[in-house]
Amino acid sequence: MQIFVKDKSFYHKLLSISVPIALQNLITFGVNMMDTVMVGQLGEAQLTATSLANQVGFVFMIINFGLTGGASILTAQYWGRGDGEAIKRVMGLTYRISIGMSLIFSVLSLFTPGFLMRIFTTDEAVIAEGIRYLRIMAFTYGMYGITLTSISLLRTVGTVKISLAVYSLSFVVNVFFNWVFIFGHLGAPRMEIVGAALGTLIARVSEFLFIGIYMLAVEKKICFRIRYLFSRCGREITEKFIRYSAPVMGNEVLWSLGDSMITVIMGRLGSEMVAAFSICRVLMQFTTVLVQGISNSAAVITGNTIGEGEYQKAKDQARTFFSLSVIFGVFACALMLLIKHVAIDFYNVSDATKALAYQLMTVMAVMMIFQSVGSVNLIGTLRGGGDSKFVFLCDVGSMWVCSVFLGFLAGIVIGLPPAVTFIFLKSDQVAKSVACVGRLFRGKWVRDVTR
């Protein structure tokens, strides 16, 4: 049994997908880091407020990932089969659902921002700042959903460089307007946390316009047109969409709710815990850019290969993806430990917050190995292979049983120190990585969803 496949075209496709996505994630890291650093200059209250308020956008993003993740199972295999018409109909349905979800999040953020903030914290100063931030962010969700949907589904047909162009533009726009509006440069008023939200809104507009022009005037593989937004998919495609997308959407909805519960637990442990985790989360994004690239490659390549009817080939490729997940997980762990002191010292926060961030970073570094294995093999290979029900049970079960339940007991009921509680909050990474590896090597995960 070979650990690494000996097919040059496989590695060429792997690099062609993973490298642009890794660069895109690196740009996203840059945006989040600059946001955190700039807002961090205003004090811990505003830094904590943006972190907690962004949980609303994070929940929307994760749900949208679930939607497009389920749709991607279909579009990847339809692309392998050569059925372009089915891809366009799946895309139209996905856009409609994404737009509907964005309206819900926009209404809640615009009219009930105080209610949303009080889910995460009881600190009135933080809540007041978060309300100001959310009322601007309410206008970003619809455009962001369309951009995410377009980029995610384009990846399944091998179009990945467009995402790099979109997020490069977003990075420049976001950082520039944050600098202008947060601190009041170039004659603009000093808007502080509202300026951060306004900078993000302008960046979302630029992304939306860029991807819209590309999809309607430049893109030639799928040739999607606006009329597909209003056309029926047909019973067969709709049934397949529900069958394979519902578990993925349910997966991401319940996972995002679980992640929000973790934020609630951390919010009850104090603003220092939230601020320290905000710093660590940004650095985690930096150290895992390659892992995320490989995970996306695994989903696309596995789906395309199964769509072509090459089931044993997909299993052979899965072993290679597993090996790469371990290698890059160890690399991410080592990198996080290497840069943690330099990176954390860059932030203008209290010594107590920095000390806690050092502890959290050490825990997170070790968990990077397990997170890499879970991301590549569970969210990548198994989901790309159509095994969405197992992914749902594994991902959601480990989140709620291990992270939420054990984290609540450790931090709220027993009152263990924040760093110790954080171990329990991240314990889901260990559980799901072990479960998905067992599933992977048994080989019963291949599902041809197009037949």
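1. Helix 15 makes the greatest contribution to the nonpolar patch, giving 3 residues. The structure is a predicted model, in which local features need pLDDT of at least 70 and side-chain atom pairs count only at pLDDT 80 or more, while totals for chains, interfaces and linings use all residues. Residues are numbered from 1 along each chain as its sequence is written, and side-chain values use heavy atoms, with hydrogens and water left out. Helices (H or I, at least four residues) are DSSP runs numbered from the N terminus.

2. The nonpolar surface patch covers about 390 Å² and is made by Phe405, Leu406, Val420, Ile423 and Phe424. Helix 14 (388-414) and helix 15 (418-425) are the elements that give two or more residues to this patch. Patches are made of residues with over 30% relative accessible area and no salt bridge; like charges are joined within 9 Å, and nonpolar side chains (Val, Leu, Ile, Met, Phe, Trp, Tyr) within 5 Å. Accessible areas come from the Shrake-Rupley method with a 1.4 Å probe, and for residues only the protein chains shown count as cover. A salt bridge is a side-chain nitrogen of Lys or Arg within 4 Å of a carboxyl oxygen of Asp or Glu.

3. Ile423, one of the patch residues, is placed in helix 15. Ile423 counts as partly exposed because its relative accessibility is 40%; the class lies between buried (under 20% relative accessible area) and exposed (over 50%), with a 1.4 Å probe and protein chains only.

4. Helix 12 comprises 35 residues (residues 311-345), and at 1.5 Å a residue it should span 51 Å; its end C-alpha atoms are 50 Å apart, which agrees. The expected span is 1.5 Å times one less than the number of residues. Helix 12 also bends by about 50° at Ile339, the bend being the angle between axes fitted to the seven residues ending there and the seven starting there.

5. The whole structure holds 13 aromatic pairs. Phe105 and Tyr141 form an edge-to-face pair, at 6.2 Å centre to centre and with 70° between the planes. This pair links distant parts of the chain, with Phe105 in helix 3 (residues 84-111) and Tyr141 in helix 6 (residues 141-155), 36 residues apart. Phe105 counts as buried because its relative accessibility is 13%, and Tyr141 is buried at 2%. Rings of Phe, Tyr and Trp (its six-membered ring) pair if their centres lie within 6.5 Å; planes under 30 degrees apart count as stacked, over 60 as edge-to-face and the rest as tilted.

6. Phe176 and Trp179 are both in helix 7 (residues 161-183), 3 residues apart, about one turn of the helix. Their ring centres are 6.4 Å apart and their planes stand at 40°, so the pair is tilted. Phe176 is partly exposed at 37% relative accessibility, and Trp179 is partly exposed at 35%. One aromatic cluster is formed by Phe176, Phe177, Trp179 and Phe181.

7. Two loop residues deserve a note on phi. Leu186, in the loop between helix 7 and helix 8 (193-218), has a positive phi of about 55° although it is not a glycine. Leu186 counts as exposed, at 66% relative accessibility. Cys223, in the loop between helix 8 and helix 9 (235-268), has a positive phi near 60° and is partly exposed, with a relative accessible area of 30%.

8. Gln77 lies in helix 2 (residues 44-81) and counts as buried, at 0% relative accessibility. Gln77 and Gly303 are 226 residues apart in sequence, yet 5.0 Å apart in space, C-alpha to C-alpha.
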